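Morning, everyone. I'll go through a few spots, one at a time.

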Amino acid sequence: MKKLITLLALPLFLAALKANAQKDTPVSVNQLVVVTNHPGPVISKDIYGHFSEHLGACIYGGLWVGTDSKIPNTYGIRNDVLFALREIKVPNLRWPGGCFADTYHWKDGIGPQEKRATIVNIHWGGVTEDNSFGTHEFMKLTELLGCDAYINGNVGSGSVKEMSEWVEYLTSDAVSPMTKLRKENGHDDPWKVKYFAIGNENWGCGGNMTAEFYGNTMRQFSTYLGNFAGNQLYRVACGPSDFNFDWTETLMKDPGTRSRFQGLSIHYYSIVDGWGYKGSATKFDEREWFETMRMNLQMDNIIKGHAAIMDRYDPQKTKGLVVDEWGNWFQVEPGTNPGFLYQQNTMRDAITAAIHLNIFNQHADRVKVANLAQMVNVLQSVILTKDDKMVLTPTYHVFRMFRVHQEASLLNIDLRCEDYVLGNKKIPAISASASIDKDGKVHISLANLNPNKPVTVTCPVIGDIFKKVTGEVLSAAEMNSFNSFEKPEVVKPAAFNGFTYKDGILSITMPSKSVVVLELTK
Ligand code: AHR
């Protein structure tokens, strides 16, 4: 009976929402309708992916310390970081770059570590690397994390032969020179590689190519990437950044070009005030907070724009958008190498993560992979390390809270909410998404973007009645609260009880600047 009432109430709620949605009419009541009995597309777990580039202390020091290190490690990978990463269920890891990828020659990173050729990292600080972390070490890392490998090949300064041999080395079990070499290096069985990118940012650091030139080059490289031993490569073509729709149009319009890839990458960073002075990660005012949120929300328009082009040529949505670099990009921490892109991570970054993950969930029909930049010690990291110390950032906690959406089915929601206003600018105060998992549990994730006031959301849950509701919240005293090595638990999740659930309607009061995830169990 209760279920029936809930269903009958739907038209009333929708009518109320419509009335509320009159253009330019301020919303008096924040409403989030969640419909639980008509699930949509599956949210690919891979939109919760990560990115590890040879950049600063991401690989060397952050993930990899080597087997001789005093820092406890497994095959050279530091245990503290490994165990923490397992908690957030990393689904895939992209490596070795980034811009570094188009300078990387994989054969420098195989064989006995002490005999490996060194490389100067020309993009990131000009440091010399000893290549002790190479293909075998990366594949071991993915194995220890239980995640899929996403390898980024070198188009900019590499050759077709080099890339095709890398795929053969990784995945072939045929009698072949590359298989023989892999076996000589101690790995008899081929690995599985799920994602393989054909270059990175080839319009910029990956060779400064035009879209036409890259399209033809990608066709050539892709032709020689084999599917060996049952491994089916998901080839990712280099896509544009931001609002560069012409690049997407060029790669999508030609059937011969688009048939050569399964995914098209896009990159988008939120950079307050542009590429000059990018603002401090920790010392910022409300204008910078607001601007960061405003830029984060642009991700939705960027995806819509590129997806609209893809829809014209691929209405069946067989090709995925691969947002393989996203996040906040600030000034490096004072006193650190400008080429290492090391930044702290505050409550602002936590809201950023929630906004992006909600947007990716909402575009589950087209966005199939996304990778936060980057995993450890670089840009919007989930983990920071200093020698043998490790700290989990606010962004880490959001990834842990949102892991419940992985492989769940997207639910239809209708959100009407008040604005967060600063000066003459306004953005929606609330970000949300919802999913239902294979056990019938519903998860609703929300963020309150307003740093000044709590918000209350009325949330009719249409379709099913739930017996139990629990929640978790991440908030902080200040906009710029962060976890340091001295105080690692300033920002951490807590049980959330700021809600009621009666007659199928949730009423949720979120603290200012907070992220909330609710679980509804039948
Ligand atoms: O993530 C840092 C850099 O940003 C990457 O190497 C590059 O792809 C992008 O420009």
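Start at Ile-436, which stands opposite Val-442 in β21. Ile-436 belongs to β20, residues 430-436. Strand β21 covers residues 442-448, and the two pair in the antiparallel sense over seven bridges. Two strands count as paired if DSSP finds at least two bridges between them. Helices (H or I, at least four residues) and strands (E, at least two) are DSSP runs, numbered from the N terminus.

A word on the source. This is a predicted model, where local features need pLDDT of at least 70, side-chain atom pairs count only at pLDDT 80 or more, and totals for chains, interfaces and linings use all residues. Residues are numbered from 1 along each chain as its sequence is written, and side-chain values use heavy atoms, with hydrogens and water left out.

How confident is the predictor? pLDDT is its confidence in each residue, from 0 to 100. The chain's mean pLDDT is 95, and 95% of its residues reach 70 or more. Over residues 1-8, pLDDT stays under 50. The model has 12 contacts for that stretch beyond four places in sequence; contact means heavy atoms within 4.5 Å.

Back to the sheet. It is open, with six strands in the order β16-β20-β21-β27-β23-β24, and the pairing is antiparallel. β16 (409-410) and β24 (494-495) are at the edges with a single partner strand each, so one side of each has no neighbour in the sheet.

Now the helices. α10, residues 347-362, lies across β16, β20, β21, β23 and β27, at about 50° to β20. α11, residues 394-402, lies across β21, β23 and β27, at about 165° to β23. Axes are lines fitted to C-alpha atoms, for helices over the stretch in contact, and angles run from 0 to 180 degrees between N-to-C directions.

Next, a hairpin. β18 (419-422) and β19 (425-428) pair in the antiparallel sense over four bridges. Asp-419 stands opposite Pro-428 in β19. Two residues sit between the strands, and Gly-423 takes a positive phi near 60°.

Last, the ligand. A polar side-chain atom of Glu-53 lies 2.7 Å from a ligand oxygen atom. For Tyr-269, a polar side-chain atom lies 2.8 Å from an oxygen atom of the ligand.

Definitions and conventions. pLDDT = per-residue confidence, 0-100. Polar contact = N/O pair within 3.5 Å; in protein donor to acceptor, adjacent residues only side chain to side chain.
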